[in-house]
Amino acid sequence: MRRFLPSLLLAAALLPATLRAQSDAIPGVTPIREVPRTTFVPDTKATYKYFWNHTDSAKTGEVNPGFQAVATMWNALRADGVPAKQIKLAIVIHGRATVDLMANAPYKARMGRDNPNIAILEQLAKAGVDIIVCGQALFNRNVPRDDLLPLVQVARSAGYAHMILAAKGYGTTP
């Protein structure tokens, strides 16, 4: 027992930091699995700015996987100890995914069912994620501005949103 006591004490000392880092995890997404001996990890003193461009709608009745991807990244950064105030994420929505940003009543009137995306969008917004829709997509998809969830920001266009986020130092995948 004495042989294991130092290891046990070290594990106990590290446990609260791990739990604290994950206490604000966004629920309902694939959990982040612990990877043993990870050597490429985030600097917990750095600020991380990243945005996604998303156009695909969810399968009928399912949560949009694009929203889940953002939540998974948030959870991963928090699990690695990056403070919430140093995580700056955004998602730019256009195309078929535009409808997934609608408030429940207009979504239900259009789709015949409740909007399954509202809970995750609210969690993302609560975490500080910018949820931005292309203003042109609102016209193209016949989605009135007043039918959107109040947490959605409207840009003149998706390209405009990309340019603004890039100017603010956000990275993305081409």
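Is Arg96 buried, partly exposed or exposed? At 47% relative accessibility, Arg96 counts as partly exposed; buried means under 20% relative accessible area, exposed over 50%, and partly exposed in between (1.4 Å probe, protein chains only). This is a predicted model, in which local features need pLDDT of at least 70 and side-chain atom pairs count only at pLDDT 80 or more, while totals for chains, interfaces and linings use all residues. Residues are numbered from 1 along each chain as its sequence is written, and side-chain values use heavy atoms, with hydrogens and water left out.

**Overall layout**

- The chain holds 6 helices and 4 strands. Helices (H or I, at least four residues) and strands (E, at least two) are DSSP runs, numbered from the N terminus.
- From the N terminus on, the order of elements is α-β-α-β-α-α-β-α-β-α.
- The chain has 174 residues, and 35% of them count as buried.

**Salt bridges**

- The whole structure contains 2 salt bridges. The term stands for a side-chain nitrogen of Lys or Arg within 4 Å of a carboxyl oxygen of Asp or Glu.
- Asp56 sits in the loop between strand 1 and helix 2 (65-79), and Arg96 in the loop between strand 2 (87-93) and helix 3 (104-111), so the pair ties together parts that are 40 residues apart in sequence.
- Asp56 is partly exposed, at 41% relative accessible area.
- Another salt bridge links the side chains of Asp114 and Lys108, at 3.5 Å from N to O. Asp114 is partly exposed, with a relative accessible area of 44%. Lys108 is partly exposed, also with 44%.

**Positive phi angles**

- Most residues other than glycine have a negative phi.
- Arg37 is not a glycine, yet its phi is positive, near 55°. Arg37 belongs to the loop between helix 1 (5-22) and strand 1 (48-54). Arg37 is exposed, with a relative accessible area of 77%.
- Asn142 also has a positive phi, about 55°, without being a glycine. Asn142 is placed in the loop between helix 5 (135-140) and strand 4 (153-155). Asn142 is exposed, at 57% relative accessible area.

**Largest pocket**

- The volume of the largest pocket is about 340 Å³. On a 1 Å grid over the protein atoms alone, a pocket is an open set of points where a 1.4 Å probe fits, with protein on both sides within 12 Å along at least five of seven lines.
- Its lining has 13 residues, and Glu34, Val35, Thr38, Val41 and Asp80 lie nearest the centre. Lining residues have an atom within 4 Å of a point.
- The lining divides into 7 nonpolar, 2 polar and 4 charged residues. Asp, Glu, Lys and Arg count as charged; Ala, Val, Leu, Ile, Met, Phe, Trp, Tyr, Cys and Pro count as nonpolar; the others, Gly among them, are polar.

**Nonpolar surface patch**

- Tyr160, Met163 and Ile164 make a nonpolar surface patch of about 280 Å². Patch residues have over 30% relative accessible area and no salt bridge, and nonpolar side chains (Val, Leu, Ile, Met, Phe, Trp, Tyr) are joined within 5 Å.
- Met163 lies in helix 6 (residues 158-167).

**Pro65 and Val29**

- Pro65 is part of helix 2. Pro65 is partly exposed, with a relative accessible area of 49%.
- Pro65 and Val29 are 36 residues apart in sequence. In space, 9.2 Å separates them, C-alpha to C-alpha.

How values were computed
Patches are made of residues with over 30% relative accessible area and no salt bridge: like charges are joined within 9 Å, nonpolar side chains (Val, Leu, Ile, Met, Phe, Trp, Tyr) within 5 Å. Accessible areas come from the Shrake-Rupley method with a 1.4 Å probe; for residues, only the protein chains shown count as cover. Grid points are joined across faces, edges and corners, and a volume is the space filled by probe spheres set on the points.
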